[in-house]
Every structure is written in structure tokens, then in C-alpha cells.
Amino acid sequence: MGMATLGRRAVLAGLGGFGASGLAGCVTGPAARLGSVARPPPLPAIRAELDRITRVTVCLRPFRKAGPRLDVEAVGDKTVVHNYGHGGSGWSLSWGSAEIAVRKALAGGARDVAVIGCGALGLTTATVLRRAGANVTIYAADRLADTRSSRATGTWSPDSRIAAEGEVAAGFPELWEGMCRTSFRTFQDYVGLAGAPVEWSDRYSLSDGPPASRHDDSGGGAPRFVEYADRVRDIMPRQTPVAAADNPFPVANVRRGAALQFNVTEYAHVLMTDFLLAGGRIEVRKFNTPGELTALKEPVIVNCTGYGARALWKDESVIPVRGQIAWLIPQPELRYGLYYKHVSVLPRRDGIVFQQVGASDAYGYGDDREVPDLEEARTAVMTIAELYDRMARAT
Ligand SMILES: Cc1cc2nc3c(=O)[nH]c(=O)nc-3n(C[C@H](O)[C@H](O)[C@H](O)COP(=O)(O)OP(=O)(O)OC[C@H]3O[C@@H](n4cnc5c(N)ncnc54)[C@H](O)[C@@H]3O)c2cc1C
């Protein structure tokens, strides 16, 4: 993307002030100025500068009111197990959802299994199948880097637009909880590996006034999304208020927690490499109708086509929820994300993710425009730039 379109050098002048103030790019709070023993460690500043944008990507969350499709269907002489429709939770729930799909795929004793798709669900399903001893070939229209999964934020968000209140089958909350716990457990195996495919990071929620719930209003034709976080409080660190003396930000209310972060470039690479090393195969292939699947040699197929299922399966229950990311040059020193004025920032190893997330999870609902909105990208970056500008002036 040409930076000229975004207004090159439209950097807030104040951002340059961190170094000049002798703080070497760090942000400190009142406690640090007091020089007390309780001084919080300084937070490195996020360089929210328009000319650090490397690309703007758009992705469509594959939302289904009833939750992910996990049923089994016969297509000709093939058994098709569906594993799609995970809304804004596809990475987070992938391992648990894969386990359910694999149990169904292997129930009839088949050892040769095809997986359609190499996004979050396809990769984890193929991995779990290999671990269970199946011979697995992934067939996918897109290269890994071109999948929608590669355009996700990369945070632990297991109940983000996963289903609509009043639309799920009896037992779905328990099914979700099982998927969530299995996934959470499995992700811990990837923490601490070279390249940090998965890691923990601190998260700050900032508000100038009283903190508002993001789930307060739906709107835009969106249903009320289910909220299941309370079911898994024991594995989700809570956000707690940051005391005024420890608050490094120039806003009234700050809460801090921690969450898993997926550095998707490295993580997906690890998954794919492990799958291939374990004898898995991958073939680039697009299917235009379910009938074309009958040409495959494998008797059992797991359908992990995500939003693509809407076209392939003519499944209009898959509703797009648009989300856009402006990627900025990585800053390896950043180990915290933040949310401020409807903008979320997550400093991943493969790029800093700036995202306009709107006032509620209804933002982007029903919107299938998969083209970048540069004004939206600019606004997201400038909102955070303004925060750090205020911070620089306050120190
Ligand atoms: C902006 C944004 C941010 C998000 N952030 C997060 C997050 O932080 N955490 C989280 O857990 N989730 C997040 N999500 C949700 C997550 O990205 C999705 O739930 C997930 O990517 C779905 O993965 P998938 O494997 O089902 O689909 P995809 O990634 O879309 O993969 C589908 C695969 O199927 C293949 N395929 C499709 N149709 C065909 C066909 N006809 N023939 C052959 N192959 C086909 C494709 O080539 C691809 O390989 C986010 C989504 C968006 C839009």
C-alpha cells in the first residue's frame, strides 16, 4: 500500500518528545516520579505513527447464530464432518473444536482423511488427526498466508461472536466450555518455544470516564451475542483496576489483565511444519461444489472452509462480521496491548495490530466488504497517537 495515500509524515509532533524528555521512549507514571520503592516498571511507548503502517488487511469473521457447524453429512459415498463457523473465536477454540471433529471423523474406523482448508481450524484438525495416527491430506484453495485466519488479531477471545443468545442448541454452552478448556490447555504447549508462537502479554483497558462494557449495545441488525466468559473464570485472568499511583496513562480509569497472544505468522508456521514433518500432505485445490469432493480418494472429509463455506455449501447461516487491521512495524520491546476509545492495539512479534473495534461486537456485522478502508486505519492509529502525545506532554 502506498504510504502517500495515508499522508506521509502525518506523525504527531509530540511522539518525538519521549527521547527528548530523557525517558528513552518509556512512559512512566506518577509513582515513578515520586521515586518510591513501589515504582512501576516503565512501559515502552507504542510508536503510533502513520508512516510505520506496513499494510492494511480485512477479514470476515464466519459467524453463525447457532454457533459453529460440527455435524456429519453424507455427500455421495463420502462422510463429511463440518468444522466451520467460529465467528471471532476461530483461533481460540481451534484445538477443542478440532478434537470434536476428529472424534467424529474417526468414529467409523477410517484411517485416510482429507481436510479441506488450512486456516486455524484446518491446521489444528489436521494436526489432531495426525496425532491420532490418521493419514491426512489438506486440500486448500489458498496458501496459509492468504487465509483469513492469517488476518486475525491473534488474541485469546473464545467467546467473541461465537453464537447468538436464544439461537443455540441445548447443551451448546457446555460444548463451548469443553472446546475452550481443551484449547487453553493445548496452547500452553506452545508457550516458551523459540520464536514465541504463543505467549502471554499484559493488556490495559483505558477510559477517560467510567469503564463501559463493550457488550452493552448490539445494533446494526446484529443479535445479542452469547457471553460465556464466566464459565471459565478459573483460566481467564481478570482485569483489575490499576491504582492511581501506578497508572502510567493520562486517563482516569485503567484496568490491567493478561491474555494469551498468538503470533500468527510464527504459530501457523510451527503448526504447518510439524504437520509436514509428521508425514502430512498439503495440496492446493479449490472445490466449487460439494459434489466435487466425491473425486477425493479419502472416504472421510473434514470441512474447515470457514467463511468459504457460505459459497461452497451455499450456507447462508454464515454471516460476515468485518474486521480490519492496520499493521505497524514491530517493536520487540512492547509486551503489552491496550484498548482505548474503541481502538485495540496488540504488539505482536510479526507486526503491531491496530484495530477499530467499535462500541460493541456488532461492529462490522453483516458487512462483507473485504477491501481496506484507509480512513478507518488512519483514525485507529491517530487515536493511539493522541494518547501517547498526551502522555509525553504529561511527563
Ligand atoms: C479482524 C479479525 C480478527 C480476529 N481475531 C481473532 C482473534 O484474535 N482470536 C481468535 O480466536 N479469532 C479471531 N478471529 C476469528 C478467526 O480469524 C476466524 O474464526 C478463523 O480465522 C476461522 O478460521 P477457519 O480455519 O475456519 O477459516 P479460514 O481461515 O477462512 O480458512 C479457510 C480455509 O478453507 C479454504 N477454502 C475455503 N473455501 C474453499 C473451497 N471452496 N475450496 C477449497 N478450499 C477452500 C481456504 O483456502 C482456507 O485455507 C478474527 C477475525 C477477524 C475478521
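In what sense do β8 and β10 pair, and over how many bridges? They pair in the antiparallel sense, over 10 bridges; two strands count as paired if DSSP finds at least two bridges between them. Before I continue, please note that this is a predicted model, in which local features need pLDDT of at least 70 and side-chain atom pairs count only at pLDDT 80 or more, while totals for chains, interfaces and linings use all residues. Residues are numbered from 1 along each chain as its sequence is written, and side-chain values use heavy atoms, with hydrogens and water left out.

Let me stay with β8, residues 198–207. Helices (H or I, at least four residues) and strands (E, at least two) are DSSP runs, numbered from the N terminus. Strand β14, residues 336–340, runs parallel to β8 and is joined to it by 5 bridges; here Arg203 is partnered by Gly337. Because 7 of its 10 residues are buried, β8 is largely enclosed by the rest of the structure. Buried means under 20% relative accessible area, with a 1.4 Å probe and protein chains only.

I turn now to a hairpin. Strands β4 (72–75) and β5 (78–82) pair in the antiparallel sense over 4 bridges, and Val75 stands opposite Lys78. There are 2 residues between the strands, and Gly76 takes a positive phi near 60 degrees.

The largest nonpolar core has 56 residues, and Trp91, Leu129, Trp156 and Val302 have the most contacts inside it. Such a core is a set of buried Ala, Val, Leu, Ile, Met, Phe, Trp, Tyr and Cys residues joined through side-chain atoms within 4.5 Å. Helix α3 gives this core its largest share, 9 residues.

Finally, the ligand. There are 38 residues around it, and Gly87, Ser92, Asp142, Ser149 and Phe287 come nearest; a residue belongs here if one of its heavy atoms lies within 4 Å. As for polar contacts, which are pairs of N or O atoms within 3.5 Å, a polar side-chain atom of Ser149 lies 2.5 Å from a ligand oxygen atom. A backbone N or O atom of Gly90 lies 3.0 Å from an oxygen atom of the ligand, and a polar backbone atom of Phe287 is 2.8 Å from a ligand nitrogen atom. Taken alone, the ligand exposes 1000 Å², of which the protein buries 96%; these areas come from the Shrake-Rupley method with a 1.4 Å probe. Strand β3 provides the largest share of the shell, 4 residues.

Definitions and conventions
A polar contact is a pair of N or O atoms within 3.5 Å; within protein, one must be able to donate a hydrogen and the other to accept it, and residues adjacent in sequence count only if both atoms are side-chain atoms. Buried means under 20% relative accessible area, exposed over 50%, partly exposed in between (1.4 Å probe, protein chains only).
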